[in-house]
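The sequence and structure are shown below.

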Amino acid sequence: MSAYDHVTAARANDRPTSIDYITRMFGDSFFELHGDRRFADDKAVIGGIAELEGMPVTVIGLEKGRDLKERMQRNFGSAHPEGYRKALRLMKQAEKFHRPVICFVDTSGAYCGIGAEERGQGQAIAENLMEMMTLRTPVLSILIGEGGSGGALALAVADEVWMLENAIYSVISPEGCASILWKDPGKTAEASECLKLTAQDLFKLGVIERIIREPKDIESKLVDSLKKLIADTLRKKSAIDPDKLIDMRYNRFRKF
Amino acid sequence: MNNLTKNLFNFLQPKNELENQGEFAENHPYIPEELWIKCPVCKNVILSSDLMDNHKVCPKCNYHFRIAARQRIEMTIDEGTFIEADADMNSTNKIDFPDYDKKLKSAKLSSGENESVITGVGEILGEKTVIAVMNSQFMMGSMGTVTGEKITRAFEYATANRLPIVIFTVSGGARMQEGILSLMQMAKTSGAAKRHSDAGLLYITVLTDPTTGGVTASFAMEGDIILSEPHALIAFAGPRVIEQTIRQKLPKDFQSAEFLLDKGFIDAVVQREDMKAALAKLIRLHSTAVNEEVETDECV
């Protein structure tokens, strides 16, 4: 598979989204919590509390929506500042109640619009990066589709970052890169290669800890093994002293 | 890049490879050394020496010309007190991005600097501080690994030595040519800023034109106090990207420093000529001397 094939796969409309993973893994135990307590409830971010093998967890996902109507409601998974603020509120709550945090990342990027700028898109992302770095509870981020730049990183300052085989993670979209580099947004395939955005490339660069085998659909048994892997990992991380945990997290990012 | 002791913030004399070609660097900056200069905003023609005397601010319309990082340090840091750190750190093409080596070379030539940020320690009206100044002349101040590393080391040095830090930002954002490693600098610098903050130390950001993208979405917006020069463009997504996304023209002063002040995202817009005094005043108000006096008073 070429890098561009991964880009296409990561963006495919029939790809399971955060809600699919949450429903499949946590079922009825998931209780959704809304709003950032400041401005609004951003539907591009879904969050709540759930039970994972008997362990309460906070789950947050960037959600693209599964049909056109839902995609429009959820702004195609591009969050406004209030989405990042909702995520941070839920993470702080998780810290208070000693719950591990699981983030599902799937976004082409933070929204670029007037309201987003007026309400401090940059500030909202910056605050998440800063606060997540010292969150005194384990954080695990899984890139399940697109990891678009700062808008993805704002949910990926974690103790471990995993990626599905066909997910991508990049500082700029291949289209954006191609138009800057060659003034030709059509050269997306070449740009995809240059950016080193596939799970394999990112694993080699040390940006992610694990590549997760891609489930064919959400009913796949692979989702069960992923769930088990998440539970085992979070149990191990929960046993680490919080001071040490945040030191390890700092050093995880310090090495780049 | 690893380990984070204060020793890593090695103080080295600048060893810029272009150091002895100083004439080139001096002659290059945005303001040509001609006798008359036309202000790009009000179009008035200004006598070059008048502009220099006025901190490179248009005397007619208050347009703040972009200035190089070295000039900024001269304007801000007391003469003879600046000691540069990590001056010899150079970026490499870690992900074999096409033409990045060439781009770096030309950025070094045109800016006379090794990277898009200069860091060090110095005094501002006698107040000792760590300082980092970004440089728009080096790949539009984009954040590569070395940029992030120098800023992170500056934070770590400030934390270890209990010093305030002042950062002047100017940046087009993350450096595409370093791919994901550039994105990781946002997390790295934010982590270092957080540790400095948790140690109870002061961080002042000064946003200058333009501050955008990954820099806005990381350390630029993380200061305890955020100042800006007048009319600076401050954005996450730049105006062109937004116009392409929403397919409509943006209002004229959208994303200006004054706009952000009005929206509550920065503390104050400060004129260039007043910046040094403002920084010194703010640092003094956070210095231990002042705090100790307060404590003593309370004891009495």
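Which residues in H8(A) meet which residues in H9(A)? In this predicted model, Pro174(A), Glu175(A), Cys177(A), Ala178(A) and Leu181(A) of H8(A) meet Thr188(A), Glu190(A), Ala191(A), Ser192(A), Cys194(A) and Leu195(A) of H9(A). By class, the residues of this contact of H8(A) with H9(A) comprise 7 nonpolar, 2 polar and 2 charged.

Two packed helices are described by the angle between their axes and the distance between the axes. The two helix pairs are set out in these terms below.

| Helix pair | Angle | Axes |
|---|---|---|
| H8(A), residues 174-181, and H9(A), residues 188-195 | roughly 100° | within 8 Å |
| H12(A), residues 242-254, and H6(B), residues 179-198 | about 135° | 8 Å apart |

With axes crossing at roughly 100°, H8(A) is therefore roughly perpendicular to H9(A). The angle of about 135° between H12(A) and H6(B) makes these helices oblique to each other, and their crossing is left-handed. Here Tyr250(A), Phe253(A) and Arg254(A) of H12(A) make the contact with Met184(B), Ala187(B), Lys188(B) and Gly191(B) of H6(B). The residues of this contact of H12(A) with H6(B) divide into 4 nonpolar, 1 polar and 2 charged.

Chain B also contains an open sheet of 7 strands, ordered S3-S4-S5-S6-S7-S8-S9, with mixed pairing. Strand S3 (83-85) and strand S9 (268-269) of chain B each have a single partner strand and stand at the edges, so one side of each lacks a neighbour in the sheet. Within this sheet, strands S5 (residues 127-134) and S6 (residues 165-171) of chain B run parallel and are joined by 4 bridges. Ala132(B) has Ile167(B) as its bridge partner in S6(B).

Key: Residues are numbered from 1 along each chain as its sequence is written. Chains are lettered from A and ligands numbered from 1 in the order in which they are written. This is a predicted model: local features need pLDDT of at least 70, side-chain atom pairs count only at pLDDT 80 or more; totals for chains, interfaces and linings use all residues. Two strands pair if DSSP finds at least two bridges between them. Helices (H or I, at least four residues) and strands (E, at least two) are DSSP runs, numbered from the N terminus. Axes are lines fitted to C-alpha atoms, for helices over the stretch in contact, and angles run from 0 to 180 degrees between N-to-C directions. Angles under 35 degrees count as roughly parallel, over 145 as roughly antiparallel, 65 to 115 as roughly perpendicular and the rest as oblique. A crossing is left-handed if the near helix is turned anticlockwise from the far one by less than a right angle, and right-handed if clockwise. Two residues are in contact if their C-beta atoms, placed from the backbone, lie within 7 Å. Ala, Val, Leu, Ile, Met, Phe, Trp, Tyr, Cys and Pro count as nonpolar, Asp, Glu, Lys and Arg as charged, and the others, Gly among them, as polar.
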